[in-house]
Amino acid sequence: MHLDGRAVQAAVFVADTAAGAANGQTPAAALGAGAAGVREPELAAALAKAKGLAGAGASVEDAAKALGTSGYSVHTAAFAYFLFARFGSDARACLVETASAGGDNDSIGAVVGGWLGAFHGAAGLPTDLVAGLCGGPFGRAHLEGLAAALSLKTPPPRYFWPLAMARNLTLIPVVLAHGFLRLLS
């Protein structure tokens, strides 16, 4: 469960940053406002480190080594901070750098992608990359429905839970194999 204070603070930071981006703040301003509410010392220090790395123009590889990309909430929030601060004004560059960074880039990408969508809007995202999103119970149509629900204040999209359950059960062997391979490397 994500009841750890660091995970809770990271989730609040992510939400506050998205709100700032959706309200027209620049990536730097949205990140600053989001980080201002963080009281957990380990997370606050990681976010400050990410800000410094982005400001210094650090490479993605150096930032990944310094901040971590493990999926631990502190690593995810800090590395997402770095990516959005460094590349957030250019949605394509930010998405490419996020996808190629390695580590737990699906979690990091979900955070960064949410911020990019909030900041740029659907029209500002690369159409070829959006068109390449897969379908399924949580695919492109579902994501577009969530975006509409947020921006238009409509009910969130529904999904067919048996299909979602089948998808998740199908993915269990993939996740376990990935985990075992990471243990071996």
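Reader: Which residue meets the side chain of D128 in a salt bridge?
Author: In this predicted model, local features need pLDDT of at least 70, side-chain atom pairs count only at pLDDT 80 or more, and totals for chains, interfaces and linings use all residues. Residues are numbered from 1 along each chain as its sequence is written, and side-chain values use heavy atoms, with hydrogens and water left out. A salt bridge here is a side-chain nitrogen of Lys or Arg within 4 Å of a carboxyl oxygen of Asp or Glu. By that criterion, at 2.5 Å from N to O, the partner of D128 is R92.

Reader: Which helices hold D128 and R92?
Author: Helices are DSSP runs of H or I with at least four residues, numbered from the N terminus. The pair ties together parts that are 36 residues apart in sequence, because D128 lies in helix α8 (residues 127–131) and R92 in helix α6 (residues 91–99).

Reader: What is the relative accessibility of R92?
Author: Buried means under 20% relative accessible area, exposed over 50%, and partly exposed in between, with a 1.4 Å probe and protein chains only. R92 counts as partly exposed, and its relative accessibility is 37%.

Reader: How many residues apart in sequence are the parts that R6 and E42 tie together?
Author: The side chains of R6 and E42 meet in a salt bridge at 3.0 Å, N to O. Since R6 belongs to helix α1 (residues 5–22) and E42 to helix α3 (residues 41–55), the parts tied together are separated in sequence by 36 residues.

Notes:
Helix = DSSP H or I, 4+ residues; strand = E, 2+ residues; numbered from the N terminus.
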